[in-house]
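Hello,

Here is the structure I promised to pass on. Have a look at it first, and then read on for what turned up.

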Amino acid sequence: MPRIPIQANTASTITVDGRELIAFGGCNYLGLGHHPDVKNAIVRAMGFLGVTTSASRETSGNTLEHEYLESELAGFLGMQAAILMPEGYTANLALAQALGSPAAARGDDPGIAVIDEKSHRSIRNAVEAAGFVIADYEHLNAADALRAIRQHIAARPGRRICLWTDGIFAADGSIAPLPELLAALPAFNSAIIVDDCHGFCVLGARGRGACEHFNLRDPRIIWTSTLAKGLGCYGGAIAGSRELIDLVRFEAGIYKGTTPVPPILAHAAREALRIIDREPHLIQRLEANIRRIRRSLAAMGLPVIDTPSPVMTFVLDSPARMRALYDHLLSGGVFIPLIDYPNGPAPLYFRLSVCAMHTPAQIDYLLRVLESSLARTASPACAPRVAG
Ligand SMILES: Cc1ncc(COP(=O)(O)O)c(C=O)c1O
């Protein structure tokens, strides 16, 4: 589908060709990208910082804002330490570089990366670039992950096992079975890397993400994320043990050789973290909106999977019908992205996402327009092809 040139937006609307549409797309799940206190934080930081550091942090581009954000983020997550990266994508690349560096220094390969077959492409790129031996397991299937781990341990005893997964999968809204994956992991010489780009600020009663959702604490857990989705800012980060974060800082070329997240945005991200704790109603509203929309979609014959994720994907019986539905929705003033992003339930699918800032009236309107558009585009929807 063609890209939409957005002229202006709020947390729940976009303006295209001078027309305002109610938008159920994107990943600004709490609306923090438009929160007045986050916007004010940027203005405030402009008073004492420039737009960019124009240099990497280990040369002359380190600011107090970066250091404060790292320690506040680690505290927020309950991890020992965190390190910022330019984006979520580069967080995975830098982490794989760092994890692979001790072995690379010995002229050895870095071990085995066991990855969900539908992992985000940044994970696959990261482990490929760092030279890991890659073992895919079936999407969300911890028993298959265990099979892959056993097979590789038998073939290459003593190798470190790093299991990588998304927390929430962006393209189908499913949640990784983290407790079962952790149970499949060897007790020693192993790590589970949770890319929580879509779970951070969303899952768990306090928005700490997928690990809070499952109430998991384990020294083998390493966390990576973007700061551009639930947190509404920009940048990426890795969190884990102090030892790991030092390894990333000293060994990851991607960290050393890039300009960091603009410091004014680091300042804004600090404010966004505080808002999550100060305004717990945001997470509660998001949960309520998710519950309501998911139930209503199911009642319309779109049997979306039953998870607390703000991402709901569905396919209809033909691409032509999906294009017709998309056009009907747009002409009714509702935008739901119809995308061909990798790892979805079909080559072309609707990805509806919910935000805390969607009002009950906007949701009523969505449901009314969606129901009538489905009826006008004929035959009933077929089931989404995603696993829970
Ligand atoms: C699971 C996942 N990992 C990594 C990224 C990359 O994050 P960023 O956009 O900050 O580079 C994304 C973003 O789309 C994502 O969905």
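Two strands are taken to pair if DSSP finds at least two bridges between them. Please keep in mind that this is a predicted model.

**The sheet**

With that rule, strand S4 (residues 81-85) pairs with S10 in the antiparallel sense, over five bridges. If you want a place to start looking, Ala-81 sits opposite Gly-240 of S10. S10 also pairs with strand S9 (residues 221-226), again antiparallel, and here there are four bridges. In that pairing, Thr-226 has Gly-236 in S10 as its bridge partner.

These strands belong to an open sheet of seven, ordered S4-S10-S9-S8-S7-S5-S6, with mixed pairing. S4 and strand S6 (133-137) are the edge strands; each has a single partner strand, so one side of each has no neighbour in the sheet. On average, and ignoring direction, neighbouring strands of the sheet are turned by 20° against each other.

At the S6 end, strand S5 (residues 112-116) and S6 run parallel and are joined by five bridges. Val-114 is found opposite Ala-135 in S6. Helix H5 (residues 142-155) lies across S5, S6 and strand S7 (161-166), and runs at about 150° to S6.

**Inside S10**

How many of the five residues of strand S10 (residues 236-240) are buried? Five of the five are, so this strand is largely enclosed by the rest of the structure. Gly-236, Ile-238 and Gly-240 point one way from S10, while Ala-237 and Ala-239 point the other way, and all of them are buried.

**The cysteines**

I also checked for disulfides, counting a pair of cysteine sulfur atoms within 2.5 Å. The count comes to zero. For Cys-197, the closest cysteine sulfur is that of Cys-27, and at 9.0 Å it is too far away for a bond. Cys-201 is in no disulfide either: the nearest cysteine sulfur, in Cys-233, is 8.9 Å away.

Are Cys-197 and Cys-201 buried or exposed? Cys-197 counts as buried because its relative accessibility is 12%, which falls under the 20% cut-off. Cys-201 is buried as well, with a relative accessible area of 0%.

Happy browsing, and best wishes

Terms used. Residues are numbered from 1 along each chain as its sequence is written. This is a predicted model: local features need pLDDT of at least 70, side-chain atom pairs count only at pLDDT 80 or more; totals for chains, interfaces and linings use all residues. Side-chain values use heavy atoms; hydrogens and water are left out. Buried means under 20% relative accessible area, exposed over 50%, partly exposed in between (1.4 Å probe, protein chains only). Helices (H or I, at least four residues) and strands (E, at least two) are DSSP runs, numbered from the N terminus. Axes are lines fitted to C-alpha atoms, for helices over the stretch in contact, and angles run from 0 to 180 degrees between N-to-C directions. Contact means heavy atoms within 4.5 Å.
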